[in-house]
Amino acid sequence: MADKKTIAIIGATGAQGGGLARAILADQDGPFKARVLTRSPGSDKAKALAALGAEVVAANVDDEASLRRAFTGAHGAFCVTFFWDHLSAEKEQAEARSMAAAAKAAALDHVIWSTLEDTRKRVPISDDRMPTLQGKYKVPHFDGKGEADQFFTALPITYLMTAFYWENFIHFGMGPKRGADGRLALGLPMGDKKLPGIAAEDIGRCAYGVFKRDDLIGKRIGIAGEFLTGTEMAAGFSRALGEPVHYQELTPDAYRALGFPGADDLGNMFQYKRDFEAEYCGARSLSLSRALNPALLTFDGWLAEHKAELAKG
């Protein structure tokens with residue numbers, strides 16, 4: 001272990017960072033070791049990673065000094081923010097600013113920033129195709145990250161653009177719902193356009209592949225497992241669940257009106273992905289994703305792994 005380089009991982013007890021930590025820890029002959037940054041070193045998730053061989057360090061994204069200490073001596077860092085904890089693009093940018101400053105102070109050799117597009121570059125605030133949210137955003141959980149890219153420009157950075165987590169079908173309540181007629185329906189406001197999606201664990205595995213490649217420093221790359229229409233995803237659910245699931249096309253307005261926290265943000269997000277399908281899919285490379293992570297799951301593969309959880313829903 002002494003000759004291995006340390007990767008400091010923000011969000012290691014969450015989806016993206018957890019996938020990276022497990023990828024590093026599973027590759028016992030690999031070049032890296034995992035340093036897990038967490039506000040709760042005593043949590044079950046942190047203890048589980050420690051049991052696998054991770055170094056667990058207390059740090060808080062709201063405390064830049066703690067991040068500087070946690071980054072010190074590391075080769076690289078994986079930086080991700082936590083919009084859905086607070087639903088604030090402003091707070092997300094503050095988190096990113098602290099991460100970037102700490103990475104600069106620690107003189108890291110490679111930083112990955114998990115980011116997304118700033119949708120306002122295609123849908124300006126003055127454009128009324130979709131409502132403006134939080135006063136100055138179209139898709140806050142995209143735009144905040146995209147705007148925060150500027151904090152990382154002076155670093156040895158790889159901008160890693162992610163895609164829709166298929167886990168949203170389980171944990172975000174987006175999976176098929178049974179209607180009054182007893183039939184299962186998958187309701188999304190995507191029309192007939194393709195939605196890039198990925199298993200959350202594969203984001204971390206792809207990030208591990210990025211850390212192995214110095215040629216990706218200074219690059220912006222996008223990852224996904226598959227590009228699928230609503231009809232194709234419904235067909236996948238039908239195969240996995242053993243009963244018909246039909247695709248129910250919603251309008252973005254109908255999705256925004258669902259009323260749960262963040263529904264307006266997600267309605268705008270789906271509308272953006274629908275209206276700019278070519279650009280959004282084009283920014284994500286399936287071939288590069290698989291080169292970075294040869295074990296990349298297809299949607300059917302992900303469904304097979306989560307069949308029991310989906311059946312409960």
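Me: Which residues form one aromatic cluster?
Reply: This is a predicted model, in which local features need pLDDT of at least 70 and side-chain atom pairs count only at pLDDT 80 or more, while totals for chains, interfaces and linings use all residues. Residues are numbered from 1 along each chain as its sequence is written, and side-chain values use heavy atoms, with hydrogens and water left out. The cluster is formed by Phe83, Trp84, Phe164, Trp166, Phe169, Phe172, Phe237, Tyr255, Phe260, Phe270, Phe299 and Trp302.

Me: How are the rings of tryptophan 166 and tryptophan 302 arranged: stacked, edge-to-face or tilted?
Reply: Rings of Phe, Tyr and Trp (its six-membered ring) pair if their centres lie within 6.5 Å, and planes under 30 degrees apart count as stacked, over 60 as edge-to-face and the rest as tilted. The centres of the rings of tryptophan 166 and tryptophan 302 are 6.3 Å apart and their planes stand at 45°, so the pair is tilted.

Me: Where in the chain do these two tryptophans lie, and are they buried or exposed?
Reply: Tryptophan 166 is in the loop between β7 (164-165) and α7 (168-171), whereas tryptophan 302 belongs to helix α14 (residues 299-305), 136 residues apart; helices (H or I, at least four residues) and strands (E, at least two) are DSSP runs, numbered from the N terminus. Buried means under 20% relative accessible area, exposed over 50% and partly exposed in between (1.4 Å probe, protein chains only). By this rule, tryptophan 166 and tryptophan 302 are both buried.

Me: Why do phenylalanine 172 and phenylalanine 260 tie together separate parts of the sequence?
Reply: Their ring centres lie 6.4 Å apart with the planes at 65°, so the pair is edge-to-face. Phenylalanine 172 sits in the loop between α7 and β8 (177-178) and phenylalanine 260 in the loop between α10 (252-256) and α11 (263-275), so the pair ties together parts that are 88 residues apart in sequence.

Me: What is the orientation of α3 and α5 to each other?
Reply: Axes are lines fitted to C-alpha atoms, for helices over the stretch in contact, and angles run from 0 to 180 degrees between N-to-C directions. The axes of helix α3 (residues 64-71) and α5 come within 8 Å and cross at roughly 40°. Angles under 35 degrees count as roughly parallel, over 145 as roughly antiparallel, 65 to 115 as roughly perpendicular and the rest as oblique. The two helices, α3 and α5, are therefore oblique.
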